[in-house]
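Subject: A structure for you to look through

Hello,

Here is the structure I promised to hand over. Please open it first, then read my notes below.

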Amino acid sequence: MASAGNSGTPASPSTAWNVISVSSSTTVLATGTAGSYSDKPDISAPQSETSWTAAIVSGVATILVQAGTAGLNGWTTANKTAAVDARTIKALLLNGAVKPSDYFTNSYAPTANGPLSAEYGSGVVNVYNSVVNLYGGQDAAEVSNTVASGGNIYASLSTNTAYSSAGWNLGSLSANTANDGYNGYAVSLTAGTAFVATVTWFSHIRSGTDTLDKIDLYLYDEATGTLQTSSTAASSSVQQITFTPATAGRYDIYLRLEGGATVLQGGEKYALAFAETNVACFAAGTGIATPSGAVAVEHLREGDMVTLARDGTPARIRWVGSRGLVHPGRTAAPLRIAPGTFGPGQPCRDLLLSPDHAVYADIDGTPVLVPVRALENGGTIRQLSPDSVTYFHILLDQHDVLLAEGLPCESLFDAESSGFAGQMPCDLPDTPAAPRLTQGPLVEALRQRLMTPAARSRTPHETSCAA
């Protein structure tokens, strides 16, 4: 881990291939050159000095190592060893990063020759996303083979019905002077939800005449066999793709190690991480408080007024977005909050929120926003498995708190809105209504409060809601 520096271009040692170079997401400090030295910086964090941002990312990496060492039920010693490999940690860090609103539009945006932003790297570090990605589990390649250099590598993978939308693998590729090596993975993606995949590997350059091994990253639609997107930058030890499928279904990730005279003999070890990004929305049918009573979210329109939860004042809707998801996976399927979970009438009947939609709570005098996924308890707050779901989200002039079935919940906010940004005719708020927390003592205090015997015994069926 090394800071990129506070001026000019990234400085040594952060320019080394096998180092994670950390920049700032709040102050433009040291930046790479878009389209050339493509993977430096690698990632960013919200501090004004890169000596501090590097410490933040180091802390997140430590959490990933601890989580990987602990593993999950069924993880073998080999799984745990692979999970804490430096390549795996780097891939998970980069894949879990959140893309700032100008990530793809400013002058430092990724290019065909540079898969990462020359300002933000892969984005802003996010410990929760990376840990969830880790807990997706190790997913071995379904196919591993060689082909004549430059030859076609794609063939549709297994027709099994279920694949994960998040996971990782520490794998290896072999190539030689005449052949490329390739590995293939199948994933199940949700329509309208952005998907990110990242591959990282080490430099094994032994002399000035050697070149960095080149691994290419591709994503294919399994139903049609067509290439959807790719990352094939040269002189990079990172490739990354971001893709939002129009239709749900199986997609295939392929990695190619290009052969040649200088390719590493004995195989190149790499780490792959992949995951769908977060979804933050109200499910269709959710009653939203307005000055004239509760209105189902799908019936609200731009210009309508809603009632703010904290002071009861009205606020104008700037925009309402929607998306339909078919067979949503764990990253997108709604969570049901039972009536009375947060107190009498909160909510007043079953409330369905996407995993990353935040609820508002006052914890020992501290107002916070907590994504509902962080409060899941398998009882009063549990995830459903519907065949399909339609989500809606409400954008106000400022990020604020609405009443959804009587429970205070956030309006649309920039940090969780990547899937909607292209649909909106206006900018997103950039100041949160309250601190957003996914872990820590305040979140744990709220979880414990919701797990009291009284909360666990609350009836999970509908009750009457006041208009």
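Strands here are DSSP runs of E with at least two residues, numbered from the N terminus. By that count, Glu405 lies in the loop between strand 24 (401-404) and strand 25 (407-410). One caution before we go on: this is a predicted model.

Most residues other than glycine have a negative phi, and most peptide bonds are trans. Some places here depart from that. Glu405 is not a glycine, yet its phi is positive, at about 50 degrees. Asp364 also has a positive phi without being a glycine, near 55 degrees. Asp364 sits in a loop too, between strand 20 (358-363) and strand 21 (366-371).

Are these residues buried or exposed? Buried means under 20% relative accessible area, and exposed means over 50%. Glu405 has a relative accessible area of 6%, so it is buried. Asp364 has 71%, so it counts as exposed.

Now the cis bonds. The peptide bond from Ser12 to Pro13 is cis, with omega near 10 degrees. Pro13 is in the loop between strand 1 (2-3) and strand 2 (21-24). The bond from Gln346 to Pro347 is cis as well, with omega near -10 degrees. Look for Pro347 in the loop between strand 18 (335-337) and strand 19 (351-353).

**Aromatic rings**

A pair of aromatic rings is described by the distance of the centres and the angle of the planes. How many aromatic pairs does the structure hold? There are eleven aromatic pairs. One of them joins Tyr103 and Phe104, with 4.8 Å from centre to centre and 75 degrees between the planes. That pair is edge-to-face. Tyr103 has a relative accessible area of 1%, so it is buried.

Another pair is Tyr182 with Tyr254. Their centres are 6.1 Å apart and their planes 35 degrees apart, a tilted pair. Tyr182 belongs to strand 6 (residues 179-189) and Tyr254 to strand 11 (residues 249-257), so this pair ties together parts 72 residues apart in sequence. Both Tyr182 and Tyr254 are buried. They also belong to one aromatic cluster, formed by Tyr154, Tyr182, Tyr218, Tyr220 and Tyr254.

A charge meets a ring as well. Arg87 lies over the face of Phe202, 4.4 Å from the ring centre.

**Helices**

Two packed helices are described by the angle between their axes and the distance between the axes. Start with helix 3 (residues 86-96) and helix 4 (residues 127-135). Their axes come within 8 Å and cross at roughly 125 degrees. Helix 3 and helix 4 are therefore oblique to each other. Their crossing is right-handed.

An α-helix has 3.6 residues a turn, so residues three or four places apart point the same way.

Best wishes

Conventions
Residues numbered from 1 in each chain as written. Predicted model: local features only at pLDDT ≥ 70, side-chain atom pairs only at ≥ 80, totals over all residues. Heavy atoms only, no water. Phe/Tyr/Trp six-rings, centres within 6.5 Å; stacked < 30°, edge-to-face > 60°. Buried < 20%, exposed > 50% of the residue type's maximum accessible area, 1.4 Å probe, protein only. Helix = DSSP H or I, 4+ residues; strand = E, 2+ residues; numbered from the N terminus. Lys NZ or Arg CZ within 6 Å of the ring centre and 35° of its normal. Axes fitted to C-alpha atoms, helices over the stretch in contact; angles between N-to-C directions. Parallel < 35°, antiparallel > 145°, perpendicular 65-115°, else oblique. Left-handed = near helix turned anticlockwise from the far one by under 90°.
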